[in-house]
Amino acid sequence: MTFVEAMRELSEADWETHRPAVFGAAYRILGTVTEAEDVTQEVWLRAAAADLSEVRDLRAWLVTVAARTSYNVLNSARVRRESYVGPWLPEPLLTGPDAAARVLMDESVSTAMLVVMETLTPAERVALVLHDVFGFPFDRIAEVLGATPAAGRKLASRARARVAAVEERPRASRTETERVLRAFRAAAEAGDMARLVELLDPEAVYVADGGGEVTAARRPVRGAERIAVLAVRQVEIRRPDAFSIIEVNGRPALATYRGGELVWLDTVEIAGGRITALRRLANPEKFVHIGHI
């Protein structure tokens with residue numbers, strides 16, 4: 001093996017070591033798997049062509065490039081996102097044992113957190129992710145944003161205040177989440193309104209993302225009774241024939257299928273044994289990375 005070949009293998013090994021951080025930064029900032037993978041590929045190409053001999057912290061360098069690229073993508077996508085039909089939910093990321101891509105896991109990649117992140121400005125998202133997740137100093141964050149360190153600190157602080165409510169919410173155990181999801185599915189399939197209302201918090205909120213591709217509520221639906229009626233009606237209309245619990249964004253989710261095709265994906269927040277938030281992703285364009293059964 002030549003010296004050049006050895007260096008190439010080392011470079012690829014380094015890349016595989018740091019790739020989860022690169023993808024994780026891009027996914028948290030963008031909220032879509034497809035765009036995050038595109039950014040990750042661009043970072044790899046730039047790193048492969050760059051002279052890294054003076055780079056002391058390769059991970060920080062790669063994440064910085066990912067953040068800057070994601071920031072540009074997010075800014076260019078704002079008009080498209082603002083014209084999105086109905087509520088927007090993040091593109092689901094498989095995180096279980098069968099997941100194809102590894103990603104740094106913590107609460108900042110949860111569906112609930114990414115929904116709140118979508119309400120932040122691009123600069124706030126970048127500042128929050130780089131500082132709170134990756135521990136970047138504000139002078140480096142300022143370089144990414146083209147701002148001053150003081151401005152970066154203010155952006156991160158403002159973003160942190162917005163996401164604090166999500167971090168403070170009680171988090172049900174994996175076992176309890178799976179139990180409630182299975183009970184909700186069984187009740188909806190049986191048309192058991194009383195059981196559905198029992199499983200839902202009286203002030204529960206339902207958010208559906210159809211992206212204009214399939215029929216879905218254009219606005220959030222509030223209240224246990226209204227959500228129960230909607231859940232039963234959707235089963236009657238779509239007539240799903242298979243269900244499974246999969247791990248999405250680090251938490252159990254209920255995948256619903258018809259004819260082997262995923263028709264919707266439910267993620268929930270639970271408090272006191274009841275569903276307080278039900279998010280149903282039905283936009284088929286966001287199912288590319290979930291697959292079939």
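**Entry: what lies over helix 10**

I began with the cover over the buried residues of helix 10, which includes helix 8, helix 9 (193–199), strand 1 (200–209), strand 2 (221–222), strand 5 (261–271) and strand 6 (274–281). I kept in mind that this is a predicted model. The buried residues themselves are Ala224, Ile227, Ala228, Leu230, Ala231, Val232, Gln234 and Val235.

I then checked the length of helix 10. Its 15 residues reach 21 Å from the first C-alpha to the last, close to the 21 Å expected at 1.5 Å a residue.

**Entry: helix 8 against helix 10**

Next I wanted to know at what angle helix 8 and helix 10 pack. For helix 8 (residues 174–190) and helix 10 (residues 224–238) I found about 65°, with the axes 8 Å apart. That angle makes helix 8 roughly perpendicular to helix 10; the cut-off I needed here is that 65 to 115 degrees counts as roughly perpendicular. I also looked up the hand of the crossing between helix 8 and helix 10, and the crossing is right-handed.

Which residues meet there? From helix 8 I listed Phe184, Ala188 and Glu189, and from helix 10 Ala231, Val232 and Val235. By class, this contact of helix 8 with helix 10 has five nonpolar residues, one charged and no polar ones. I was pleased to see Ala231, Val232 and Val235 again, as they are among the buried residues of helix 10.

**Entry: helix 5 against helix 7**

I turned to a second pair, helix 5 (residues 122–133) and helix 7 (residues 149–168), which pack at about 90° with their axes 8 Å apart. Helix 5 and helix 7 are therefore roughly perpendicular to each other. On the helix 5 side, I wrote down Ala123, Glu124, Ala127, Leu128, His131 and Asp132 as making the contact. On the helix 7 side, the contact is made by Gly152, Leu155, Ala156, Arg158, Ala159, Arg160 and Val163. I sorted the residues of this contact of helix 5 with helix 7 by class and got seven nonpolar, two polar and four charged.

**Entry: Ala77**

Last, I stopped at Ala77, in helix 3 (residues 58–82). Is Ala77 buried or exposed? I found Ala77 buried, with a relative accessible area of 1%. I also looked up its separation from Leu30: the two residues are 47 residues apart along the chain, and the C-alpha atoms of Ala77 and Leu30 are separated by 9.6 Å.

Conventions. Residues are numbered from 1 along each chain as its sequence is written. This is a predicted model: local features need pLDDT of at least 70, side-chain atom pairs count only at pLDDT 80 or more; totals for chains, interfaces and linings use all residues. Side-chain values use heavy atoms; hydrogens and water are left out. Axes are lines fitted to C-alpha atoms, for helices over the stretch in contact, and angles run from 0 to 180 degrees between N-to-C directions. Helices (H or I, at least four residues) and strands (E, at least two) are DSSP runs, numbered from the N terminus. Angles under 35 degrees count as roughly parallel, over 145 as roughly antiparallel, 65 to 115 as roughly perpendicular and the rest as oblique. A crossing is left-handed if the near helix is turned anticlockwise from the far one by less than a right angle, and right-handed if clockwise. Contact means heavy atoms within 4.5 Å. Ala, Val, Leu, Ile, Met, Phe, Trp, Tyr, Cys and Pro count as nonpolar, Asp, Glu, Lys and Arg as charged, and the others, Gly among them, as polar. The expected span of a helix is 1.5 Å times one less than its number of residues. Buried means under 20% relative accessible area, exposed over 50%, partly exposed in between (1.4 Å probe, protein chains only).
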